[in-house]
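Me: I would like to go through a few local features of this model, one question at a time. Please define the terms as they come up.

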Amino acid sequence: MDQAHDDSLTERYRELSDDIAAAVAVVSATRGKAMHAITVDSFLDVSYDPPTMAVSIYSGSRMMETLETSSHYAISLLNSDQKDISERLGAPGQPLYGSLTGIDTFPAPRAGQPVLTEALAWFELELTEVLEVATHSIVVGEVVSLGAGRDAGTSRPLLRWRKAYGTMGRR
């Protein structure tokens with residue numbers, strides 16, 4: 001394959017993969033005593049027995065460095081009113097320390113990982129495996145605790161589609 005074909009394939013892939021609607025979440029973990037977090041939209045439930053989830057993280061990121069030193073992490077599913085948090089934690093070049101400053105969190109019950117208080121749902125995971133795939137790491141974890149936000153019954157999820165935010169109607 002020549003380089004011109006590779007470039008066009010990559011660009012077309014980026015264009016078409018933007019048509020995949022995805023829920024938006026925050027992955028968080030502690031590094032020492034500091035809390036670190038990033039926005040993700042590449043995560044999924046893998047298994048119900050045992051409850052297992054996976055998330056894709058850029059291998060060269062500060063978040064991946066944090067996850068390499070932590071046995072646990074959390075995933076907080078954002079509600080449709082949390083677009084500002086998504087944009088803030090998804091901005092490139094955010095500082096390693098203080099990323100959750102001013103965002104209401106609480107420690108998850110098992111390992112104390114930071115969970116966003118207003119999240120639609122949250123999952124605390126014990127890291128079980130990291131798979132290197134191209135430029136990213138697939139971080140797999142077994143759910144050790146979970147919960148719903150206080151407005152989970154009335155809140156709607158924050159979604160990304162075609163580089164924009166949206167949501168869906170009530171169930």
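Me: Which residue in β3 is the bridge partner of A25?

Reply: This is a predicted model, in which local features need pLDDT of at least 70 and side-chain atom pairs count only at pLDDT 80 or more, while totals for chains, interfaces and linings use all residues. Residues are numbered from 1 along each chain as its sequence is written, and side-chain values use heavy atoms, with hydrogens and water left out. Strands are DSSP runs of E with at least two residues, numbered from the N terminus, and two of them pair if DSSP finds at least two bridges between them. β2 (residues 25-31) and β3 pair in the antiparallel sense over seven bridges, and the partner of A25 in β3 is V40.

Me: Is H36 buried or exposed?

Reply: H36 belongs to strand β3 (residues 34-40), where six of the seven residues are buried. Buried means under 20% relative accessible area, exposed over 50%, and partly exposed in between, with a 1.4 Å probe and protein chains only. Because its relative accessibility is 2%, H36 counts as buried.

Me: Where is A134, the residue with a positive phi although it is not a glycine?

Reply: The phi of A134 is about 55 degrees, and its relative accessible area of 82% makes it exposed. A134 is found in the loop between β9 (121-133) and β10 (136-148).

Me: Which residue does a cis peptide bond join to D49?

Reply: The bond has an omega of about 0 degrees.

Technical notes: Helix = DSSP H or I, 4+ residues; strand = E, 2+ residues; numbered from the N terminus.
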